[in-house]
Amino acid sequence: MNEDTNRLIELRREKAQALREQGVNPFPTTVSVTHTTQQLRDMYGEKEAEAIEQVPDRFAIAGRVKGQRDFGNVIFLDIYDRTGRLQVLLSKKLIGPENFKSFKKMADIGDIYAFAGKLMKTRTGELSLAADELTLQCKSMRPLPEKFHGLVDVETRYRQRYLDLIMNPDVVDVFRTRSEIIRLMRVFFSERDFLEVETPMMHPIAGGATARPFVTHHNTLDMDLFLRIAPELYLKRLIVGGLERVFEVNRNFRNEGISTQHNPEFTMLEFYWAYATYEQLMELTEELCCFLAHSLFGKLSFAYQEQEIDFARPWKRLRMADAVAEYTDLSVEDLADAATLKAFCAKHGIEIIGEATPGRLTVLIFEELVESKLVQPTFIYHFPTEVSPLARRNDENPEVVDRFELYINGNEIANAFNELADPDDQRGRFVEQVEAKKAGDEEAHEYDADYIRALEYGLPPTAGEGIGIDRLVMLLTNSASIRDVILFPQMRKEQS
């Protein structure tokens, strides 16, 4: 904080103290507010000045002062509440000389005030509240950033989101849209007879996805717990219990890196549908995304960064093997030969992590060289079995599973598959994961005996899917980074 800012803060503290000495509480209990700025704009914004003059009602609004134009005996203020802006006219005649003088002396940009009075239109045709009463609601102790430059520093915007929201109305719009997207998702699934549920956020066993968990400890039970990496195994327990169609909107936590696409704490929509297949989930996913786009934009195409994204159906569908063959110089036959794939990875600088089976190598090549080329909505299906420990094997080719991932603009948006219902097959997959963990794979699953027990009671044929809400919101709000759509993204500890 520079010396000028420190001095401005000190001046505001002095004003607050002066107000107290005059019997004015700078942090009072609120007064009655009758309307938002948006309500007044909707009701009277299009009316002529003469018609507004005939309105006998007085109105009361409250908001933050973010602009001030002083013309001597008249001051025009820009007042912002949660719905937007309205101009307020303060005149010595209406509020009295003493109140007018006190406002000029004590008020600062950033203060929060309530104003009451009648509506009018200025000579330029702007709807305004001609205040005959004003009440300080909160004295702002820190000066806002200079209005012409605003708050542009990315680090400050993410770390001080409250200030970002004050200064940047487009940021408010992003989070309003995010809220609307989640509301629409709930409507979409509720209308299709899915039951919204809540499952535990702390798990005794980390499972449901391949990821490193966060670990905590419960003192009373004297046991370690894991912040959930996915709700999958609990949601499928509910399918076993007969709920048949369930969905959950909630947080997952993965102890992994931070990037424009990754935050350690993120929001997922996950749903499970008994007596359905992953092909039906492709159809449902298309329906959901088209429903969202049409609800938000009134059309199925929209701009994202430098691309035009088109949700028009049907969306492209490619087997993973065919996708790798289409976007590299490998053939489908090459993908069965580990030596060929190792040489290809070495040639292209692709680091081999974990066991170098043909399936794992194929996925590595896909992630490094193919994902980024999938701009328009594309379903990639038939993933290798060894990278899909919870998915059902394909009946015709047990080397792959009935699974898809949805890619848009080069980013994974959704992951879905036919669920593995055979408890013996699942037990064997868990054992393989345990061995992988012993060999150093920190993301491998642990053995979940209770989940095996649940499967032994019987899981009907089921398909399930997880959709990354943050990434989908990025797409639908034209946001370049996941931090732009998470109110308080994870940051490094602030340096003092």
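A residue counts as buried when its relative accessible area is under 20%, as exposed when over 50%, and as partly exposed in between (1.4 Å probe, protein chains only). Asp108 has 14% relative accessibility, so Asp108 counts as buried. This is a predicted model, in which local features need pLDDT of at least 70, side-chain atom pairs count only at pLDDT 80 or more, and totals for chains, interfaces and linings use all residues. Residues are numbered from 1 along each chain as its sequence is written, and side-chain values use heavy atoms, with hydrogens and water left out.

**Around Asp108**

- You can find Asp108 in the loop between helix H5 (97-106) and strand E4 (112-121); helices (H or I, at least four residues) and strands (E, at least two) are DSSP runs, numbered from the N terminus.
- Beyond its neighbours within four places in sequence, Asp108 is in contact (heavy atoms within 4.5 Å) with Arg12, Lys15, Val65 and Lys139.
- The side chain of Asp108 makes a polar contact of 2.8 Å with that of Lys15 and one of 2.5 Å with that of Lys139.
- A polar contact is a pair of N or O atoms within 3.5 Å; within protein, one must be able to donate a hydrogen and the other to accept it, and residues adjacent in sequence count only if both atoms are side-chain atoms.
- Pro143 lies 35 residues from Asp108 in sequence, and their C-alpha atoms are 8.1 Å apart in space.
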